[in-house]
Each structure stands twice: as C-alpha cells, then as structure tokens.
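This report covers a single protein chain.

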Amino acid sequence: MKLYHALRNVSKFRTVFDFGGREVAHWFPGHMAKGLKQMRANLKNVDCIIEIHDARIPFSGKNPVFQETLDVRPHLLILNKMDLADLSNKQRILKKLQKNGVRNVLFTDSLKQRDDNIKKLVPKVVEIIESKPRFNRDEDINYCLMVIGMPNVGKSSLINSLRRTNLKKGRASRVGGEPGITKAVLTKIQVCERPIMHLLDTPGVLPPKIESVETGMKLALCGTILDHLVGEDIIADYLLNSLNRLGKSSYVEKYDLQEPSDDIQHVLKRIAVRLGKTQRVKAITGVGNITITVPNYTAAAYDFIRTFRKGELGQVMLD
C-alpha cells in the first residue's frame with residue numbers, strides 16, 4: 001500500500017521545469033575574454049586542440065565560440081567525469097556527436113589514479129596529428145596541444161592525470177571544485193617524454209550568450225557557472241526535478257525521506273534537519289520580539305547540490 005501511494009504521488013510530479021520567465025545567465029568576466037584572445041594568439045604553435053566537456057552534458061557543454069575561432073586545428077573531444085555520467089546510452093551520444101562532425105571522442109575520469117582511457121590519449125593524439133598537415137611545424141618532432149573547455153570541466157585535472165600517467169610526476173596545474181580557477185593561458189606543461197608532448201592549460205570560457213535557460217541551468221548544476229549567480233535554491237529545485245524525471249530516487253535514502261518528493265521546500269527542510277543546518281532569526285509577535293530556530297534552506301540547498309556533483313546521488317545524463 002505504501003509503495004502504491006508513493007508511485008501515485010510520483011505520477012503527479014512536474015514533467016517540465018518552470019523557469020518562471022528567468023533570463024539566461026551571463027558570465028563572461030575579464031579573464032575569459034583575455035584567455036580567448038591568448039588562445040587565438042597561440043594557435044600557430046599548436047598541433048591539436050583537446051576540448052573537454054562534462055560527460056553529463058556532452059551537448060550543452062559545447063561552446064560555439066571555440067568552433068568559430070579554434071576549429072582550424074585537429075581536434076579531440078574528451079568527455080570527462082565519466083564516473084558521474086549515466087553512459088547506458090553511450091552509442092546514442094557518439095552517433096549524435098558524429099552527426100555534428102565530431103569523430104574523435106574519448107571518455108575519461110581524470111581524478112582516478114589509474115584510468116586506462118588516459119593511457120589511450122597520447123597515442124590517439126599522435127594518430128590525429130599525423131593524419132593532418134602540420135604546416136609550419138612539420139619539422140618539429142615535439143608536439144604541442146591546447147586544452148580548452150568551459151569552466152570546471154576538469155582541464156587542469158586532465159593535465160595532472162597525464163603527467164601522473166606518463167611522467168610519474170605530480171600536478172602542475174591548480175585544480176578546484178568551482179569555476180574560474182585557471183585565470184590565464186599558462187606556459188607549456190610537459191605531459192609525455194616519448195614522444196615529447198606539451199600542453200597549454202587555458203581558463204574555462206563560457207560563450208558570451210548561453211543559448212537557453214535550460215542549457216544555462218544544466219551548466220549551473222554541473223558547476224560551470226558560479227552558484228550564487230543563478231541561485232542555490234533554483235539550482236536545487238532543478239536538480240530535484242531532474243532526478244525525479246530520470247527516475248533517480250537515491251536522495252530519498254541519502255536524506256532519510258519517507259518517499260520521493262516534488263516539493264523542494266520539503267526536501268530542503270528534511271536535509272537541514274538531518275544535517276543540523278539551522279539558523280536563529282528574530283520573529284515579531286504580539287507580545288514582543290523572540291528568537292526562533294529555523295531550517296537554513298540555503299545551506300541545505302548547497303549540500304544537496306554538492307552531494308550531486310560528487311556523484312553521491314547516482315550517475316545521470318542531463319542531455
């Protein structure tokens with residue numbers, strides 16, 4: 001009876017998220033514009049472009065600005081954070097990418113200490129480069145690659161993973177869990193000895209105009225746009241709606257809920273109570289001001305989003 005009641009409630013959940021007439025998020029700070037200019041200036045020294053997307057948003061994660069300005073070099077698409085993505089329809093993704101002209105694709109988990117796909121990257125890049133003319137770099141036996149992508153997709157983590165795999169050395173690029181860690185195009189970082197291969201790390205660049213609110217929300221959910229620019233409460237509600245639509249209800253057990261819910265206020269209240277995330281506020285009553293303890297919804301929303309980004313709510317495919 002309890003299962004029937006839960007299933008009946010789920011059938012009444014929202015099938016479409018209401019964005020409430022919100023504007024598309026814009027996030028194009030100075031370092032992004034400067035970084036794009038530096039990328040163009042460095043192209044003449046680059047043999048191959050490595051573009052990185054979050055594997056959970058293989059299509060929403062594409063920046064048309066890159067295609068317009070950097071598409072003159074051989075190209076390899078890396079779908080990183082594969083451990084967080086539901087890849088049960090991997091062939092559908094590859095077919096759609098191929099239809100869009102993207103044929104060289106590699107799935108990686110660059111935070112994993114030993115990722116077999118990372119080992120495939122250097123041979124794949126060499127194969128791609130040698131199949132195209134190198135023009136002014138034809139006599140140079142060293143290879144230079146440029147790593148590009150939107151913020152927080154794992155560009156610096158990939159460079160560090162390549163160094164760890166091929167050179168047995170530690171990290172050369174700073175990494176972080178929020179967008180905007182790499183601020184400028186760095187000097188060459190060696191990632192392989194045989195053949196000698198260097199990479200240029202670059203800042204994450206969002207397009208000046210994101211194509212839709214839906215795309216912007218997917219980018220925000222995956223940590224590509226700073227949370228406070230969109231709003232933690234909105235991102236949390238979109239996350240809840242996405243999990244319910246995809247049939248992912250692991251949040252119920254994670255936060256000790258009785259059943260799946262479509263009410264973000266109810267879910268955040270349960271999270272706040274369970275984690276002890278409360279705040280004291282003044283309330284005006286007929287007999288004077290009193291201080292009461294209430295759930296901290298913002299802190300609960302942040303925990304809900306962070307838990308998703310760490311993969312603790314299951315693997316998902318948002319595109």
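The largest nonpolar core has 63 residues, and those touching the most other members are Ile 50, Leu 121, Val 125, Leu 145, Met 197, Tyr 251 and Phe 304. A nonpolar core here is a set of buried Ala, Val, Leu, Ile, Met, Phe, Trp, Tyr and Cys residues joined through side-chain atoms within 4.5 Å. Buried means under 20% relative accessible area, exposed over 50%, and partly exposed in between, with a 1.4 Å probe and protein chains only. This core takes at least three residues from each of domain 1 (1-18 + 211-310) and domain 2 (30-201), with domain bounds from an automatic or database domain assignment. In soluble globular proteins, nonpolar side chains tend to be buried together.

The model is predicted: local features need pLDDT of at least 70, side-chain atom pairs count only at pLDDT 80 or more, and totals for chains, interfaces and linings use all residues. Residues are numbered from 1 along each chain as its sequence is written, and side-chain values use heavy atoms, with hydrogens and water left out.

Contact means heavy atoms within 4.5 Å. Apart from neighbours within four places in sequence, Ile 50 contacts Leu 76, Ile 78, Leu 121, Val 125, Leu 145, Met 146, Val 147, Ile 148 and Leu 158.

The chain has 12 helices and 8 strands. Helices (H or I, at least four residues) and strands (E, at least two) are DSSP runs numbered from the N terminus. An open sheet of 6 strands has the order β3-β2-β1-β4-β6-β5, with mixed pairing. Its edge strands, β3 (105-107) and β5 (189-192), each pair on one side only. Neighbouring strands of this sheet are turned by 30 degrees against each other on average, direction ignored. Two strands count as paired if DSSP finds at least two bridges between them.

Within the sheet, β4 has 7 of its 7 residues buried. Tyr 143, Leu 145, Val 147 and Gly 149 are buried on one side, and Cys 144, Met 146 and Ile 148 on the other. Strand β4 (residues 143-149) runs parallel to β6 (residues 197-200), joined by 4 bridges, and β1 runs parallel to β4, joined by 5 bridges. Met 146 of β4 stands opposite Ile 49, and Met 146 also stands opposite Leu 200 in β6. Cys 144 has His 198 in β6 as its bridge partner.

Angles run from 0 to 180 degrees between N-to-C directions, with axes fitted to C-alpha atoms, for helices over the stretch in contact.

| Helix | Strands crossed | Angle |

Helix α7 (residues 213-221) has 8 of its 9 residues buried, among them Val 213, Met 217 and Lys 218. The buried residues of α7 pack against α8 (227-230), α9 (232-245) and α12 (297-309). Just after α7, Gly 223 has a positive phi of about 85 degrees.

Over the whole chain of 319 residues, 50% count as buried. Of contacts between residues at least 6 apart in sequence, 71% join residues at least 24 apart.
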